[in-house]
Amino acid sequence: MPSTYSSTLRIELIGTGDQSDTWGNTTNTTLGSIIEQAITGITSVDITAGDVTLTAYNGAVDQARSAVLIATGTPATTNNIIIPNVAKTYIVTNSTAQSVGVKTSSGSAFICPVGTQTTLYCNGSNVVSGAITYTTFNTLVNPLITGIRETTTISATAATGTINFNTLDQAVLYYTSNATANWTPNFRGNSTTTLNSLMSTGQSFTATFMVTQGSTPYFSTAVQVDGVSVTPKWQGGSVPSFGNALSVDVYTYAIIKTGSAAFSVLASQTRFA
């Protein structure tokens, strides 16, 4: 009985009783090359000249079996990487200056933007879908934006002491329990990441801290970035010296990085009742 090949990874399936005394060679190729390529293999695909159809061989190393595809070259427009129409997952890194499409020969292309790493899945029915992760940040010049949704952390916590504001977790922090003492916000990435490491000089981050006040109000007495005190400039030129009873005081901070571990902060306090 002759060998056959699996439908997705094209692995040789030795026929019963075949390859006497030589089956070890086939097994070593399957385990040491083909399966390893499907799990950890990386293939670079130069798409400078146009669309590229990946090689797909039965029982031998090829391009389409690799786990990771890296699009390279200097294409002048969006070109496609054409994959076999079988069920398979890929990780696709776009290292070119153009968007890259990934498709089957008869299907529609899934577009991988510039500077992204995308996890793709072909369902074997000419449909390629995926999830995009940006590995670089592109500068948008004069974009038209319909709306932006910001992540807000709502916590039944009372403002007091040093409050760590993790910018990797939220842009807005809302404490819904009445403040119990004056406080100092400390802006950082998170417990292991500094805000300084996340920002380049000339970039800014806007943070909002919403504080619920009871009958005895309190206020922010200082500001820190990565645990270091920064003297903010307050809207209207006056530093707040009191809170507002039975209200929600909203503090907004525009944090501008002016140099290495150097920041300017523009702050405001607004009462909502």
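A: A word on terms to begin with: helices and strands here are DSSP runs, numbered from the N terminus, and a strand takes at least two residues. Also, this is a predicted model.
Q: Good to know. Where is Thr96, then?
A: Thr96 is in the loop between strand 7 (87-94) and strand 8 (100-103).
Q: Is Thr96 buried or exposed?
A: Buried: its relative accessibility is 6%, and anything under 20% counts as buried.
Q: What does the side chain of Thr96 make a polar contact with?
A: One partner is the side chain of Asn94, at 2.8 Å. The Thr96 side chain also reaches the backbone oxygen of Gln98 at 2.8 Å.
Q: And leaving aside neighbours within four places in sequence, what is Thr96 in contact with?
A: Ile47, Ala71, Thr72, Gly73, Pro75 and Val114.
Q: Okay, zooming out. How many helices and strands are in the chain?
A: Two helices and 21 strands.
Q: Is the chain compact or spread out?
A: More spread out than a compact globule, because its radius of gyration is 28 Å, well over the 19 Å that the globule rule gives for 273 residues. Along the principal axes, the C-alpha atoms fill a box of roughly 90 × 40 × 35 Å.
Q: How much of the chain is buried?
A: 38% of the 273 residues count as buried.
Q: Last topic, charges. How many positive and negative side chains are there?
A: The chain has 9 positive and 11 negative ones, with the centres of the two sets 15 Å apart.

Key
Residues are numbered from 1 along each chain as its sequence is written. This is a predicted model: local features need pLDDT of at least 70, side-chain atom pairs count only at pLDDT 80 or more; totals for chains, interfaces and linings use all residues. Side-chain values use heavy atoms; hydrogens and water are left out. Helices (H or I, at least four residues) and strands (E, at least two) are DSSP runs, numbered from the N terminus. The radius of gyration is taken over C-alpha atoms; the globule rule is 2.2 Å times the number of residues to the power 0.38. Buried means under 20% relative accessible area, exposed over 50%, partly exposed in between (1.4 Å probe, protein chains only). Lys and Arg count as positive and Asp and Glu as negative; His and the chain ends are not counted. The place of a charge is taken as NZ of Lys, CZ of Arg, CG of Asp or CD of Glu. A polar contact is a pair of N or O atoms within 3.5 Å; within protein, one must be able to donate a hydrogen and the other to accept it, and residues adjacent in sequence count only if both atoms are side-chain atoms. Contact means heavy atoms within 4.5 Å.
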